[in-house]
Each structure stands twice: as structure tokens, then as C-alpha cells.
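Here is a short report on how one protein chain is packed.

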Amino acid sequence: MDLFLSFIANTGYLLADYRHLIMIVVGSIFVYLGVAKKYEPLLLVPIGFGILVGNVPFFKGFGIGIYEDNSVLHYLYFGVTTGLYPSIVFLGLGAMTDFGSLLARPVLMMLGAAAQMGIFFTLLSALALGFLPEEAASIAIIGGADGPTSIFLTAKLAPHLIGPIAIAAYSYMALIPVIQPPIMRLLTTREERRIRMPDMREVSKREKLIFPVVGVLLCCFLAPTALPLLGMLFFGNFLKECGVTDRLAHTARTAIIDTATILLGLTVGCSTQGDVFLTAKSVGIFILGSIAFSIATASGIIFAKIMNLFLKVKINPLLGAAGVSAVPGSAREVHLMGQHADPTNYLLMDAMACNSSGVIGSAICAGILWSFMLV
């Protein structure tokens with residue numbers, strides 16, 4: 001009888017407290033949004049299920065949990081804490097990205113840079129709220145709306161915040177259809193949303209081949225600490241464009257990025273163990289993250305309107321919202337918003353140019369922030 005009672009006492013049913021139950025509800029919502037609403041299912045389903053796995057209560061000391069040495073989850077989490085998975089994701093991202101639209105209309109790079117304003121606003125806000133400089137820098141990068149970059153920088157500067165920052169970054173990426181449209185409608189008129197972009201010029205194969213080589217040198221000479229991300233991004237793109245490594249490029253943009261995404265999402269979800277995740281800091285990070293993402297969206301739109309004061313050929317200010325690096329969600333949302341105002345208006349390729357420049361911009365910002373913290 002004593003043995004039976006001891007067994008019952010060690011089950012998850014008796015070990016669970018309200019924090020585990022709250023996180024299980026959160027995980028269930030993530031899975032629901034990914035499966036039923038199809039909000040970024042490739043991100044929300046692994047993370048949501050990881051939250052469920054990570055919040056099954058267990059008797060500590062048996063090497064089961066993600067924070068216990070020598071557990072399976074702890075070994076898988078190694079790819080997060082070292083920044084390995086984000087670098088691999090960037091390799092796959094480079095292998096599937098066509099920078100042709102960016103090369104055809106390089107002026108749109110400025111919108112990718114303008115949308116990074118949310119990062120620096122959030123940095124100052126987090127410092128004002130009492131976060132340590134390393135923590136504030138990690139929280140600020142959420143404003144770039146780039147999950148892998150957020151995880152990479154946090155792993156280097158404030159590894160104890162990886163869970164809440166990763167969850168916040170991916171949550172806002174998944175909620176783009178909810179967050180961005182009201183801001184776009186608020187800051188633009190119907191006439192502005194109907195502005196058509198001129199046809200793009202044809203980009204040669206040679207330009208596409210030279211771009212990743214020049215890009216990695218220019219960007220990484222500026223911010224060498226961004227090398228693990230941008231080096232992999234441009235390398236993946238070179239595999240795609242050089243024309244002699246199709247098998248490698250195909251593997252990078254399918255099996256490799258899929259494997260990294262699965263392990264990244266699952267282990268980040270598991271890291272949200274209720275007894276260590278639910279803190280006042282986590283709540284503050286979620287609030288600051290939502291503000292950062294909103295400011296990034298607004299900054300891009302407002303900057304596009306300022307550019308129109310000086311340009312002879314006006315650009316559609318909606319494109320500024322695609323300056324965040326949530327690829328391709330924000331570009332798709334900009335395109336849909338433009339088509340809602342004029343069903344014959346086609347903004348997707350221009351929005352992708354802003355989106356891809358946002359990826360590069362947020363990685364450079366992460367490198368710069370990391371460099372400042374090393375001083």
C-alpha cells in the first residue's frame with residue numbers, strides 16, 4: 001500500500017500546480033491557432049506542443065526536464081543555448097530567398113532599415129524599466145520580428161530569458177494578421193493604399209550571383225558579430241544562385257531547415273516550464289515585445305510616407321510594414337491589404353524586397369547590440 005501511495009504522490013496529477021495548468025492552456029491555444037486558424041502552423045504547432053511537453057510535472061532529480069543535466073531535452077536544447085539552430089535556419093532561409101526584387105529596387109532597403117526603429121525604442125524602454133543592459137538588448141530585438149535572431153542574441157547575452165523572449169517573438173510573428181492590419185489602416189488613406197508600384201527591371205543572373213558575396217563582406221565587416229547569422233544566410237543564397245550546387249541548396253531549404261525548425265520550436269516550447277517561466281519579467285517582456293512590434297510596423301509606414309515627399313514616383317506606404325523581418329508573413333499581409341483597396345494592385349514582390357532587407361537589417365542590429373555589450 002505504501003508503495004502504491006508513493007507512486008501516486010509522484011505522478012504529474014499530484015505534482016501539478018496552477019503554473020503548469022496555465023502554461024498547458026497557453027500551449028493548447030498555440031496548437032489551436034496553428035491547426036484550426038492556420039496562423040504560422042510551422043512555428044506554432046512545434047512550440048505549442050513543446051509547451052505541453054515541458055509542463056508535464058515530474059519528480060526532479062531523474063534527469064527528465066529540459067533544465068536538468070544529461071536529460072534528452074537538455075541535450076536537444078543545446079542547439080538553442082549555443083545559437084546553433086538559428087544559424088541553421090538562416091542557412092535554409094538564404095537557400096529559399098530570391099533577392100531579385102531587392103536588387104531591382106534597392107531604394108526599398110531603406111524601409112527595411114526604418115522598421116528596425118522598434119528595436120532601439122524597446123531597448124531604451126527596457127532600460128528605463130530596470131532591466132539589465134544585456135537583458136534589455138535581448139528584449140529589444142523582438143522589435144525586429146525575427147524569431148531566430150531573437151533567440152540567437154538572447155542565447156549570447158541573457159540565456160535565462162530565452163523562453164519568454166522566444167515565445168514572445170514567435171507569437172507576434174504568428175499574429176501578424178491580427179496586429180499589422182489595424183496599424184496599416186490607421187496610418188494610410190485608401191488612396192495611398194491604392195498606389196501602384198512600377199514594373200521591376202529584369203535582374204541578371206550575374207547580379208544575383210555577386211550579391212551574396214558582396215553582401216556578406218559589406219554586412220559582416222560592419223558587424224562581425226552578425227557573422228553566424230548573415231554568413232549562413234548569404235552562403236545559403238550563394239548555393240541557390242551559383243547553379244552548380246542545386247542538391248545542396250535543395251537540402252538546405254527543405255530537410256535541414258525543417259529539422260532545425262522542429263527542434264527549435266519543440267525545445268523552446270519545453271523551456272517554458274511553468275515554475276521557472278511565469279514571472280513578472282516574462283509579463284514585462286510580452287508587453288514590451290508587443291509595443292516593439294507595433295512601433296516597427298508604424299516606423300516603416302511613416303518612413304515610406306516621408307520618402308514620398310521627395311520621390312517623383314511615389315511608393316505605396318503599406319510596403320513600410322513589410323520592413324520587419326517576419327518572412328513572408330508581413331509581405332503577404334501588405335499584399336492582401338493593397339488588394340483589399342484595389343483588387344488589381346500587386347504588391348507582393350515589392351513587399352518581399354522590404355521583407356528580405358528587414359531580415360538582413362535585424363541581424364545587423366543584433367550584431368551591433370552584441371558588440372556594444374562586449375565593450
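Axes here are lines fitted to C-alpha atoms, for helices over the stretch in contact, and angles run from 0 to 180 degrees between N-to-C directions. Helices (H or I, at least four residues) and strands (E, at least two) are DSSP runs, numbered from the N terminus.

This is a predicted model: local features need pLDDT of at least 70, side-chain atom pairs count only at pLDDT 80 or more, and totals for chains, interfaces and linings use all residues. Residues are numbered from 1 along each chain as its sequence is written, and side-chain values use heavy atoms, with hydrogens and water left out.

## Helix pairs

Two packed helices are described by the angle between their axes and the distance between the axes. Two pairs are tabulated.

| Helix pair | Angle | Axis distance |
|---|---|---|
| α13 (residues 176–187) and α19 (residues 280–308) | about 35 degrees | 10 Å |
| α6 and α17 (residues 246–270) | about 145 degrees | 8 Å |

Handedness follows a simple rule. A crossing is left-handed if the near helix is turned anticlockwise from the far one by less than a right angle, and right-handed if clockwise.

Take α13 and α19. Their crossing is right-handed. From α13, the contact (heavy atoms within 4.5 Å) uses I176, I179, Q180, I183, M184 and L187. From α19 come F293, S294, T297, A298, I301, I302 and K305. These contact residues divide into nine nonpolar, three polar and one charged. In this count Ala, Val, Leu, Ile, Met, Phe, Trp, Tyr, Cys and Pro are nonpolar, Asp, Glu, Lys and Arg are charged, and the others, Gly among them, are polar.

Now α6 and α17. This crossing is left-handed. On the α6 side, the residues are Y85, I88, V89, L91, G92, L93, A95 and M96. They meet A249, A252, R253, I256, I257, A260, T261, L263, L264 and T267 of α17. The contact divides into 14 nonpolar, three polar and one charged.

Buried means under 20% relative accessible area, exposed over 50%, and partly exposed in between (1.4 Å probe, protein chains only). Leaving aside neighbours within four places in sequence, T267 is in contact with I66, L76, Y77, V80 and Y85. T267 and H74 are 193 residues apart in sequence, yet their C-alpha atoms are 8.6 Å apart in space.

## The core

A nonpolar core is a set of buried Ala, Val, Leu, Ile, Met, Phe, Trp, Tyr and Cys residues joined through side-chain atoms within 4.5 Å. The largest one has 100 residues. L230, L319, V334 and I360 have the most contacts inside it. Helix α21 (residues 348–374) supplies the largest share of this core, 11 residues.

I360 touches F99, F211, C219, L230, L233 and F234, not counting residues up to four places away in sequence. V359 sits in helix α21 and is buried at 5% relative accessible area. With neighbours within four places set aside, V359 contacts F90, L93, D146, L233, S325 and V327.

## Loop residues

T97 is in the loop between α6 (84–96) and α7 (100–104). At 10% relative accessibility, T97 counts as buried. Beyond residues up to four places away in sequence, T97 touches N237, K240, E241 and S356.

Most residues other than glycine have a negative phi, and most peptide bonds are trans. K38 has a positive phi, near 60 degrees. K38 lies in the loop between α3 (18–35) and α4 (41–54) and is exposed at 61% relative accessibility. For N70, phi is positive too, near 70 degrees. N70 lies in the loop between α4 and α5 (72–81) and is exposed, with a relative accessible area of 59%.

## Cysteines

How many disulfides does the rule give? Zero, taking a disulfide as a pair of cysteine sulfur atoms within 2.5 Å. For C365, the closest cysteine sulfur is in C219, 11 Å away, so the two are too far apart for a bond. C365 counts as buried at 9% relative accessibility. C270 counts as buried at 1%.
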